[in-house]
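The sequence and coordinates are shown first.

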Amino acid sequence: MLQNLSFGMFPTDLGMFEGLHHLKSLDLSYSNLPFSPIASKIVFKSLSNLTKLTLQFVGWKSMPHNIFHLLPNLKTLDLSNNEITYLSWSRFRYLKYLEEIDFSNNRIFLSGRLSVPSSILSLISLDISNNTYYCSCEILSFFEELSSNNVTIKYYPEAYSCTSPRSMADKSVADVECMQHLETIVYTIIITVLFGCVFAIMAYKSRYRIRYLIHISRSRHSWKVRKKSPQPLLFDGFVIYSEPDKNWVYDNFLPFLEKQHGYKLCIHDRDFQYGRLIVDNIVENMKNSRKIVLILSESFAESKWCQFEVLLAHERFLEHGPDSLISIKLEEITTFRLTNTLETLIKFATHAVWSYQNKEEFSVRILDCFQVKTDNIDKNNSNTSKHRCSHSHAQKIKVKEDRNKIFSDKFEHLFNEMCSRVDLMSETLCKRLDSLEKTVKSDITFLKNKVDKLETNLTSLQDSIIYSQSTSK
C-alpha cells in the first residue's frame with residue numbers, strides 16, 4: 001500500500017516496481033499517477049502476476065489503453081472516485097480472471113446499447129454507482145443482462161439515479177418503463193409491413209415485366225444458339241389474342257389459314273402443354289414459331305397477359321426484324337390504352353385491317369404476310385412471272401446470308417427492315433405482273449370476241465343484201 005505518492009516523469013520514479021514479478025496486491029490511491037500511456041506502461045510492465053489493483057483518487061479522466069494486457073492475472077480492479085468520463089468495455093477483454101470492478105463515483109456517462117465483452121459478463125460483482133445515466137430501455141437491458149449472468153451490481157438500484165432525459169430526472173434506473181421500446185418495435189413492425197405491402201403491390205403490378213425480364217434472361221442464350229444452328233420450326237405463327245376475340249380467331253382466322261391454306265398456328269387454348277407454367281409455354285412456343293400474329297383490339301390493349309406477350313414479341317422484333325411480326329386490327333385502339341412497346345410494334349410491323357367489307361383484300365394481305373405464292377390457276381400463262389418471283393426470292397435469300405458476313409450487329413435491325421420492305425415490294429410487283437398478264441389476256445379475249453361478232457354481223461349483212469337483190473329481180 002503506497003498511497004499519496006508523487007510520481008515524476010523520471011525513469012527512476014516510473015521504474016520503481018521493476019523486478020517485482022511476484023507482487024499480488026498494489027494500492028496507489030491518492031497518488032498523482034501519470035496518465036501518459038508510455039509512463040503507465042513503464043510503471044506496470046513488471047507486475048504480470050498482480051491480482052488486485054487499487055487506484056482511487058489518482059485523477060484519471062480516462063483509462064490508459066495499454067496497461068491491461070500487462071496484467072493478465074488481475075482479479076480485482078478499483079478505479080473509484082476519479083474523473084473518468086468514458087468507459088470502453090473492450091479494454092477488459094484481456095482480463096480472463098477478472099472478478100470485481102469498482103467504477104463508482106466517476107463521471108461516466110452511460111447511454112444507448114452497450115457492447116459488453118464476455119469477461120465483464122463473467123464478473124462476480126460490478127460497482128458503477130453514482131455516475132451519469134441516460135435512462136432508456138437500452139440501459140435497463142444492460143443491467144438486466146448483467147443480472148441474468150449472475151453479476152452482482154452493487155448498490156443497485158438505489159445508487160443509480162437518472163440524470164436524463166428530463167422526464168426521468170432523479171428517478172431510479174429500475175423505474176424505466178419500456179413502453180416506448182415496445183412502441184418502437186410496434187412502429188417498426190407497422191412500417192415494415194407497410195413497406196412490404198407497397199413492395200408487394202408494385203411487384204404485382206409489374207409482375208408481367210418482371211416475368212418478361214426473367215424469361216428473357218433465361219432464353220437469351222437459347223435464342224443465340226437457335227440463330228447459329230437453325231432448327232425446324234413447329235408453327236408458322238404464334239397468335240396473341242385476348243379472350244373476347246377468341247370467337248373471331250376460331251371462326252375466321254384459323255379456318256382460313258389452317259384448313260384452306262395448310263398453315264399451322266399456335267393457339268394457347270389448344271397447343272399449350274399442360275402442366276407447364278404459362279410463361280414457359282409462351283416463351284417456348286414463340287421460339288418454335290416462324291411469325292408472331294397480334295390480334296389487336298380494345299380488349300387486347302387492356303389484357304395484362306397480352307401486354308406481357310407483347311414485351312416478348314418486342315424482343316423477337318428486335319432480334320429478327322419487322323418481318324417476324326404481323327398485326328391484325330379488328331378495331332381501332334384508344335390512344336391512352338397504347339403502351340410505347342405496342343405502339344412501336346403497330347407502327348413498324350406488317351399489318352392488316354379486318355372488316356367484312358374488305359374480306360378478300362384482307363385475305364390476300366394475310367397470305368402475302370405468310371409468303372404464300374400465287375395459286376396454280378392459269379399456271380402455264382404465268383410461268384415467266386413466277387420465274388422472276390422465284391429468282392427474286394433466291395436473290396433475297398442470298399442477300400440475307402451474305403449480310404451477316406458484311407454488316408455488324410449494330411446495323412442488323414436496320415438491314416432486316418430494309419429486306420422486309422424489299423420483300424414486300426418484290427412480292428407486290430410479282431402480284432401486279434400476274435394481274436397485268438391476266439388483264440391483258442382478258443382484254444385480248446374481249447377484243448377477239450368483239451371482232452368475231454363484227455365478222456358475224458358483217459356476214460349476216462352481206463347475206464341480207466344479196467337476198468334483197470335477188471328478190472327485187
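**Basis of the description**

Axes are lines fitted to C-alpha atoms, for helices over the stretch in contact, and angles between N-to-C directions run from 0 to 180 degrees. Helices (H or I, at least four residues) and strands (E, at least two) are DSSP runs numbered from the N terminus.

The model is predicted, with local features requiring pLDDT of at least 70 and side-chain atom pairs pLDDT 80 or more, whereas totals for chains, interfaces and linings use all residues. Residues are numbered from 1 along each chain as its sequence is written, and side-chain values use heavy atoms, without hydrogens and water.

**Helix packing**

Helix H11 (residues 304-320) packs against helix H12 (residues 340-348) at about 50 degrees, and their axes are 10 Å apart. H11 is therefore oblique to H12 (under 35 degrees is roughly parallel, over 145 roughly antiparallel, 65 to 115 roughly perpendicular, the rest oblique).

Val310, Leu311, Ala313, His314 and Phe317 of H11 are in contact (heavy atoms within 4.5 Å) with Thr341, Leu342, Leu345 and Phe348 of H12.

**Parallel sheet**

An open sheet contains 6 strands in the order E1-E2-E3-E4-E6-E8, with parallel pairing (strands pair if DSSP finds at least two bridges between them).

Lys52 has Thr76 in E3 as its bridge partner.
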